[in-house]
Amino acid sequence: MKNVTVNLLLILVFVLIILVLSVTYGKEITLLVSNPEKFRNWINSFGSLGVLIFISIQVFQVVVFVIPGEVVQVAGGYLYGTILGTLYSVIGITLGSLICFSIARILGYDFVKNIVSEEKLKKFDYIINNPKGEIVLFLLFFLPGMPKDALSYIAGITPVKFYNFFIITLFARLPGIFFSAYIGSNLGSKNYLMAGLVAVIALVLFLAGVYKRDVIIEKLRRI
């Protein structure tokens, strides 16, 4: 009974923290990141700590998931170029994903259903006790248009081991992060044609993933 009470208290505290952070900083950070030049000036104002601030924002957007992740990834490319933008985004996103996974692993199903919508939880419930859950998780993180940050919480209540989840989230999300950083890098160097071309391709793939999400999920159920 004591453990249940402690868990419920922790769930309540964490939900309140997320709500406060979302209301207080979510909109402000989204607007800031959406203006690449303003965001660059803000990050540069921290001097050598700027990289850590950027990585922290990536962690924040994964844990709270009210800020569009792709926007921050593009901003990373604009700030640091393709390679370093990819690296810093990967570090932040991976850390954020591992935090989500660990919190869900500790607090359990009752916590996750308070963070993730019931609709999403039902859509992905088949990976919770699926012996091939690691393969399915990798594909879900790899495919465009999937709710990857919410999936990090859901993954925490699956049998997937921490180290395996680390490998999954690191490599499955890498291609998408790279292309987002590539778009941002080309915007930063004023190569608008290439940035626009890659952005259109990325948008088409993203919309296809969103539009065909239910079909994809249904096919993955059969793996």
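**Entry 1. The record.** UniProt annotations may be inferred rather than shown by experiment, and their positions are given here in the numbering used for this structure. With that in mind, I looked up the annotation "transmembrane region" in the unreviewed UniProt entry, which covers residues 42-67, 79-104, 162-185 and 191-211. I note that the structure itself is a predicted model.

I then examined two of these spans in the model. Residues 79-104 are 100% helix and 0% strand, and their end C-alpha atoms are 32 Å apart. Residues 162-185 are likewise 100% helix and 0% strand. For residues 162-185 I recorded 33 Å between the end C-alpha atoms.

**Entry 2. The whole chain.** How many helices and strands does the protein chain have? I found 11 helices and 0 strands. Read from the N terminus, the elements run α-α-α-α-α-α-α-α-α-α-α. The protein chain has 223 residues, of which 45% count as buried. I also looked up contacts with a separation of 6 or more; residues 24 or more positions apart account for 74% of these.

**Entry 3. Helix 2 against helix 3.** Two packed helices are described by the angle between their axes and the distance between the axes. For helix 2 (residues 36-44) and helix 3 (residues 50-64), I recorded an angle of about 125 degrees and axes 8 Å apart.

Which residues meet here? From helix 2 I listed Phe39, Trp42 and Ile43, and from helix 3 Gly50, Ile53, Phe54 and Ile57. The residues of this contact divide into 6 nonpolar, 1 polar and no charged.

**Entry 4. Aromatic rings.** I noted that a search of the whole structure finds 13 aromatic pairs. One of them joins tyrosine 80 and tyrosine 88, with 4.9 Å centre to centre and 85 degrees between the planes. This pair is edge-to-face, because planes over 60 degrees apart count as such. Tyrosine 88 is buried, with a relative accessible area of 16%.

Tyr80 and Tyr88 also belong to one aromatic cluster with Phe39, Trp42, Phe46 and Phe54.

**Entry 5. Valine 64.** I located valine 64 in helix 3. Valine 64 has a relative accessible area of 5% and is buried. Isoleucine 115 stands 51 residues from valine 64 along the chain, yet I recorded 9.3 Å between their C-alpha atoms.

**Entry 6. Helix 8 and aspartate 149.** Is helix 8 (residues 148-155) enclosed or exposed? I found 8 of its 8 residues buried, so helix 8 is largely enclosed by the rest of the structure. The buried residues are Lys148, Asp149, Ala150, Leu151, Ser152, Tyr153, Ile154 and Ala155.

I looked at aspartate 149, in helix 8, separately. Its relative accessibility is 11%, so aspartate 149 counts as buried, the cut-off being under 20%. Leaving aside neighbours within four places in sequence, I found aspartate 149 in contact with Gln61, Val62, Phe65 and Arg173.

**Entry 7. Lysine 190.** Most residues other than glycine have a negative phi. The phi of lysine 190, however, is near 65 degrees, a positive value. I located lysine 190 in the loop between helix 9 (162-188) and helix 10 (192-211). Lysine 190 is exposed, with a relative accessible area of 60%.

Notes. Residues are numbered from 1 along each chain as its sequence is written. This is a predicted model: local features need pLDDT of at least 70, side-chain atom pairs count only at pLDDT 80 or more; totals for chains, interfaces and linings use all residues. Side-chain values use heavy atoms; hydrogens and water are left out. Axes are lines fitted to C-alpha atoms, for helices over the stretch in contact, and angles run from 0 to 180 degrees between N-to-C directions. Helices (H or I, at least four residues) and strands (E, at least two) are DSSP runs, numbered from the N terminus. Contact means heavy atoms within 4.5 Å. Ala, Val, Leu, Ile, Met, Phe, Trp, Tyr, Cys and Pro count as nonpolar, Asp, Glu, Lys and Arg as charged, and the others, Gly among them, as polar. Buried means under 20% relative accessible area, exposed over 50%, partly exposed in between (1.4 Å probe, protein chains only). Rings of Phe, Tyr and Trp (its six-membered ring) pair if their centres lie within 6.5 Å; planes under 30 degrees apart count as stacked, over 60 as edge-to-face and the rest as tilted.
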